[in-house]
Amino acid sequence: MSPARWMGRALVTVVLVFFTLFFVVPIVWLLLAPTKTPRQLLLDGPFTFGGFDTLASNWNELIQFQGGIVWTWIGNSVLYTGVALLVTLVVTIPAGYALALTEFRLRKTLLVVTLVVMLIPSTALVLPVFLEMSALKLVGNPLAVILPFSFFPFGVYLTYIYFSTSVSKDLLDAARIDGAGEWRVFGRIAMPLATPVIALVGFFNLVGNWNNYFLPFVMAPGRKSPIQVGLAELLSNVPLFNPTSGASITISLPVLALATLVSVGPVLVIFLFSQRFLVTGMTAGGTKE
């Protein structure tokens, strides 16, 4: 092996190791933090294990915060993301199919509008959406979060690409020749073939909505907040981050770390059980028949 090639491989290895440590080290610290007391977190080694008794104590402190409001936050997150996910799939998959495989007036215009809207940052839409929901008197109502969560132009574009590149038009035409109507072609042939992209769209929508903070913060205050907004409430009760807080109940850093793990747990579980479909969906549109 030539010296130049060896130096190139060594440089790549160093870069990979650096970025691996850069992302893995904070995760390891976060996993170990809930097992420690606040004193241990500050004085002990960052990667030492505290104890299961301390973990149980931190868990009890978390679930007792404001009468168990953590469960309410998680329930709100499940409600908002779950209903929005169903609405998104019901709307997005047929829309992508129609844009890719059917001809109708203003089809290209609608596709261009979808692409343009997809490029607009979601945070830029919070204010106009808030004004719209306020005019409809829906602020504070679950629909004020669910309806904007269901708006997912990126999912329409993904399904459009998938149906355009990975579903045989000849197969669909054969079904039509055999007498199948358009809805039957879509439901019996196109939908089963689109399982990977349906999983991909669903996962992206769920993760984006579950981790969304700004929109629920504006639309669903108080006990109607999801877990991400609840984490901000917990953070405001940590004296280290909010020294001027006059709250009667304070939250320690290990408890805050535990709450963070609880907030990402459901998404992690869903990812572990659906990654086969996600990988298939990500690569399905890479080639054209």
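Analyst: Two packed helices are described by the angle between their axes and by the distance between those axes. In this predicted model, the axes of helix H5 (residues 107-118) and helix H8 (residues 153-166) come within 8 Å and cross at roughly 130°.

User: How is the orientation of H5 and H8 to each other classed, and why?

Analyst: Angles over 145 degrees count as roughly antiparallel and those from 65 to 115 as roughly perpendicular. The crossing angle is roughly 130°, and H5 and H8 are therefore oblique to each other. The handedness of their crossing is left-handed.

User: Which residues make the contact, and how many of them are nonpolar, polar and charged?

Analyst: H5 contributes Arg107, Leu111, Thr114, Leu115, Val117 and Met118. From H8 come Pro153, Phe154, Val156, Tyr157 and Tyr160. By class, the contact has 9 nonpolar residues, 1 polar and 1 charged.

User: What helices and strands does the protein contain?

Analyst: The protein has 14 helices and 0 strands. Its radius of gyration is 24 Å, well over the 19 Å that the globule rule gives for 289 residues, so the protein is more spread out than a compact globule. Along its principal axes, the C-alpha trace spans about 75 × 70 × 30 Å.

User: What share of the residues is buried, and what share of the contacts joins residues 24 or more positions apart?

Analyst: Of the 289 residues, 37% count as buried. Among contacts with a separation of 6 or more, 72% are between residues 24 or more positions apart.

Technical notes: Residues numbered from 1 in each chain as written. Predicted model: local features only at pLDDT ≥ 70, side-chain atom pairs only at ≥ 80, totals over all residues. Heavy atoms only, no water. Axes fitted to C-alpha atoms, helices over the stretch in contact; angles between N-to-C directions. Helix = DSSP H or I, 4+ residues; strand = E, 2+ residues; numbered from the N terminus. Parallel < 35°, antiparallel > 145°, perpendicular 65-115°, else oblique. Left-handed = near helix turned anticlockwise from the far one by under 90°. Contact = heavy atoms within 4.5 Å. Nonpolar A, V, L, I, M, F, W, Y, C, P; charged D, E, K, R; others polar. Rg over C-alpha atoms; globule rule 2.2 N^0.38 Å. Buried < 20%, exposed > 50% of the residue type's maximum accessible area, 1.4 Å probe, protein only.
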